[in-house]
Amino acid sequence: MDIDAWVWWLIGAVGLGIPLVLTTMPEFGMFAAGAVAGAITAALGFGVVAQVLVFVVVSVALLAVVRPIAARHRDGRPQLATGVDALKGRQAVVLERVDGNGGRIKLAGEIWSARALDGGQSFEPGQQVDVVEIDGATAVVM
């Protein structure tokens, strides 16, 4: 039984697709696409040299074009702050006098215990303060 060259190229593409799925390395996908291009070249009746040349050119072209675009998208994504990290830098309203010993603020719609970053500083009810950090269940403000 003689298998056509294009079938071997498709088997190679599937073989390259397996590590793509297992390792999530996109380079394997680019090589798999090159193998599909080699299969199309073989199906059109071109020789082995043309098939290998098409495989190499398509694979290298995809690596040269897609990888920088993917890296730019990966690096350009803003980091999403969640939990207490999302509260840092927000403004709050003082409900009860806040000083170095404690007090209460309204932060993100909730009432929080708070203390001043500088122990000698105090904030009166109604003032706007900035949350510097969250220490346990206490907002440190200035």
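Arg97 counts as partly exposed at 42% relative accessibility, where partly exposed lies between buried (under 20% relative accessible area) and exposed (over 50%), computed with a 1.4 Å probe and protein chains only. The model is predicted, so that local features need pLDDT of at least 70 and side-chain atom pairs count only at pLDDT 80 or more, while totals for chains, interfaces and linings use all residues. Residues are numbered from 1 along each chain as its sequence is written, and side-chain values use heavy atoms, with hydrogens and water left out.

**Salt bridges**

- The whole structure holds five salt bridges, each defined as a side-chain nitrogen of Lys or Arg within 4 Å of a carboxyl oxygen of Asp or Glu.
- Arg97 pairs with Glu124 at 3.0 Å, N to O, and because Arg97 lies in the loop between strand 1 and strand 2 and Glu124 in the loop between strand 3 and strand 4, the pair ties together parts that are 27 residues apart in sequence.
- Elsewhere, Arg67 and Glu27 meet through their side chains in a salt bridge of 3.1 Å, N to O, which links Arg67 in helix 3 to Glu27 in helix 2, 40 residues apart; helices (H or I, at least four residues) and strands (E, at least two) are DSSP runs numbered from the N terminus.
- Arg67 is partly exposed at 45% relative accessibility, while Glu27 is buried at 19%.

**Nonpolar cores**

- The largest nonpolar core has 15 residues, of which Ile105, Leu107 and Val141 touch the most other members; such a core is a set of buried Ala, Val, Leu, Ile, Met, Phe, Trp, Tyr and Cys residues joined through side-chain atoms within 4.5 Å.
- At least two residues of this core come from each of strand 1 (91-96), strand 2 (104-107), strand 3 (110-116), strand 4 (128-135) and strand 5 (138-141).
- A second, separate core of five residues includes Trp9, Ala13, Ala39 and Ala42.

- Trp6 lies in helix 1 and is partly exposed, with a relative accessible area of 35%.
- Leu53, in helix 3 (residues 48-76), is exposed at 53% relative accessible area, and its C-alpha atom is separated by 9.8 Å from that of Gly34, 19 residues apart along the chain.
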